[in-house]
Amino acid sequence: MKLRSYLILLVVAVVLPVVIFAGVMTYLSYQQQRENLAHGMIERARSISAALDREFLVSIQSLKVLAASTHLDKEQLAEFYGDMKGAIAAYSRAWQNLTLVDASGQQLINLRRPFGAPLPTTGNPEAIERVHRTKEAAIANLSPGPVTGEPGIVVHVPVLRDGQVKYVLNAVFYAAPLTDLLLQQKLPSGWIATIIDRNQIIVARTRDIEKYLSKPASSTFAGQAKQYQEAAWRGTTLEGSAVLAALHRSDFSGWTVGLASPTEEVDAPLRNSLMLTGAGGLVLLSIALAFAATLGRRIAEPVSALSSAAEKLGRGEVAEIPRSQIAEMRRLAQGLGNAATLRIQAEEQLRYQLQLSQSITDKAADSIFVTDDKGRVTFNPEAVKIFGFTVEELVDQPLHEKIHHHHRDGRPFPREECVLERIHATGKTVRNKEDVFFRKDGSAVIVECSNAPLEVNGQWVGAVLMARDVTERKAQEEIGRRSRELEGQNLRIQEASRLKNEFFANMSHELRTPLNAVIGFSEYMIDEKAGPINAQQREYLTDVLTSAKHLLQLINDVLDLAKLEGGKMELKIEDFSLKEVIEEVCTIIGPMASKKHTQLQIEAPRDVVVQALDPVKFKQVLYNLLSNAVKFTSEGGKVRLTANLAEHGRMRVDVKDEGIGIKADDLPRLFHEFEQLDSGSDRQQGTGLGLALTKKIVELQGGAISVESEFGKGSTFTIMLPVAGKSE
């Protein structure tokens, strides 16, 4: 594309947006004017609606004055007939007829008929009913009269006596006065004003009222009147003309006043403005294009001459640089002259770079860093990938400070020992040396690196460093080594566990047999079945019996713990009575509690049968918790056990004591094997396995155990077991 064409496009790019902007602003101005017109139409509709409300209010107030007649108090309807005739004569401008109806809607007086003549019921029973219900005046929709059959509007006013509606006084309007009300507003000649009632029936209209009276309004008008109190929209009239319409619906009567202005009158200013803007824009564009064409010819001539000179310079020929009156052309001519000199320098540099690149390619391994004798750095894409630096970040920067500044443990790496720097100082090279470099983000890279000097035309010009990333390989080697260590440790642990379980299993019989004999013979001798014994002998035998039982319990706990850890403990699920199991355990604990004068309090539902639990293991859990509670409760204290069924098919058991409590620091160690917490000077005898076993048995059956304790005031142990329960 020629320069002249670009100038023409430039002119178009400048002028056309101005024209478009003018058109847009014209349209926006029209939009604003149309919005203002719509707001004005709504204001006019609101004003007409207020005038209509005033007409209704005047009639209502007049009817209220008439309703206060004393003739109605005395039920003198003939005399009230005369009152009504006087009232209609005074308000003949608005009222066409007056009627009086009773509570049932039966007309009693109708001025269209002589007094006493038979009369029909009212034609607006809904309005009469609303007046009776609300005791307020009501304005009916347009409807035919029951006597004349002519359409009219009725204003209903209640006649109140002693707070009750005794009669309803009605004034009948015809549509003509309302149409006159619209005509009095002096609307613009093309506008149409319409009044519709709550049923969207036309009551008054400034155009063709005889044709449209009592007819429904257009669907658009009716829909807007139902949905909005005030609105403006584009639509069509009943005659089919396009209009800009607005409405206001009265809060007082519920009737709607609508105004319509022909769209042709609204849109005419916009068309005229747009045509004027378009014509002016075309004239302005034509003038600008002619000027651009002339200016383009003056600029194109020196540009063409400079182009010919540039082609000669490109072929290496000597070219005469033309002169021009345009300052930019003079600078361009000077640039072309300098370009010839720069071209020779560039060719020499290119040959140098090609030889250097060929040398790097010959010696390349993986990541390649090349530094020349001036400290300039270049590197290949693999180095960018591994270390993340760009050329700009390494220009004139020592490589040592960027990628080899520290040992892996954080100690600074001496520059004189760096493989990147040492070759420049000593010329000493390395091959496949394992080292640690660092990426741009600071992460370490294990590499095997080699370096070598670079020579061009027999002269030393720099050095190349080749680094192979072996981080992943080293990581895999470390993973393999650790895996072998872990595998060996696991085998040793498994073997130790197997030997431990075998030891416990073998020792159970060997230890239990003599202990049972010791326990049996001790009880036999204490009961004096082998002969009488004295008090000292009884004391010694009791110590032997207690120690033997303690040792047997220790052995049983250790064996149970081994079974749990080895996954060999079996559960025997049975149905059992919750109350009976608790009472059975309390019977066992009873002597221990009685000895310390400790009161056992049990609260459990008697009719609950627990399913899906091992009753023996459940007893063991209860025994451990209750025995601990009794053991750590001072003499004369209380131990309370509460059991019940909780939500979601779970059972909750709480064991609360008044013992010494547990320190907050000791709670994390509470359920550890062989852990006995420091209870002060009154340290209790135990194995340290009871609570650990209790926790494991509860968790084996899918439950959980928790504890709340305050040191010096006691503890509450809670177990939750996911069991099914039913009532007998």
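Select β15 and β16: they form a hairpin with 2 residues between them, and Asn 457 in the turn has a positive phi of about 55 degrees. This is a predicted model. Colour it by confidence before going on. The chain has a mean pLDDT of 79, and 78% of its residues reach 70 or more. Among its elements, strand β7 (residues 192-196) has the highest mean pLDDT, 92. Strand β24 (residues 724-727) has the lowest, 52.

**Stop 1: the strands around β15**

Strand β16 covers residues 459-469 and pairs with β15 in the antiparallel sense over 10 bridges.

Glu 434 stands opposite Glu 448. Arg 468 in β16 also stands opposite Glu 448. Then switch to a surface view of β15, residues 444-456. This strand is mostly covered, with 10 of its 13 residues buried.

**Stop 2: Thr 99**

Jump to strand β1, residues 97-101, and select Thr 99. Is Thr 99 buried or exposed? It counts as buried because its relative accessibility is 7%, under the 20% cut-off. Show its contacts beyond four places in sequence: Met 84, Gln 107, Ile 109, Asn 110, Val 168, Leu 169 and Asn 170. Now draw a distance to Arg 112, 13 residues along the chain from Thr 99. The two C-alpha atoms are separated by 8.7 Å.

**Stop 3: helix α17 and its partners**

Select helix α16 (residues 578-595) and helix α17 (residues 615-632). Their axes come within 10 Å and cross at roughly 35 degrees. The crossing is right-handed. On α16, the contact residues include Leu 578, Val 581, Ile 582 and Met 592. On α17, they include Phe 618, Leu 622, Tyr 623 and Val 630. By class, the contact has 14 nonpolar, 1 polar and 2 charged residues.

Lys 617, Gln 620, Val 621, Asn 624, Leu 625 and Asn 628 of α17 meet Gly 690, Leu 691, Thr 694, Ile 697 and Val 698 of α18. Colour this contact by class: 5 residues are nonpolar, 5 polar and 1 charged.

Note on methods: Residues numbered from 1 in each chain as written. Predicted model: local features only at pLDDT ≥ 70, side-chain atom pairs only at ≥ 80, totals over all residues. Heavy atoms only, no water. pLDDT = per-residue confidence, 0-100. Helix = DSSP H or I, 4+ residues; strand = E, 2+ residues; numbered from the N terminus. Axes fitted to C-alpha atoms, helices over the stretch in contact; angles between N-to-C directions. Left-handed = near helix turned anticlockwise from the far one by under 90°. Contact = heavy atoms within 4.5 Å. Nonpolar A, V, L, I, M, F, W, Y, C, P; charged D, E, K, R; others polar. Buried < 20%, exposed > 50% of the residue type's maximum accessible area, 1.4 Å probe, protein only. Pairing = 2+ DSSP bridges.
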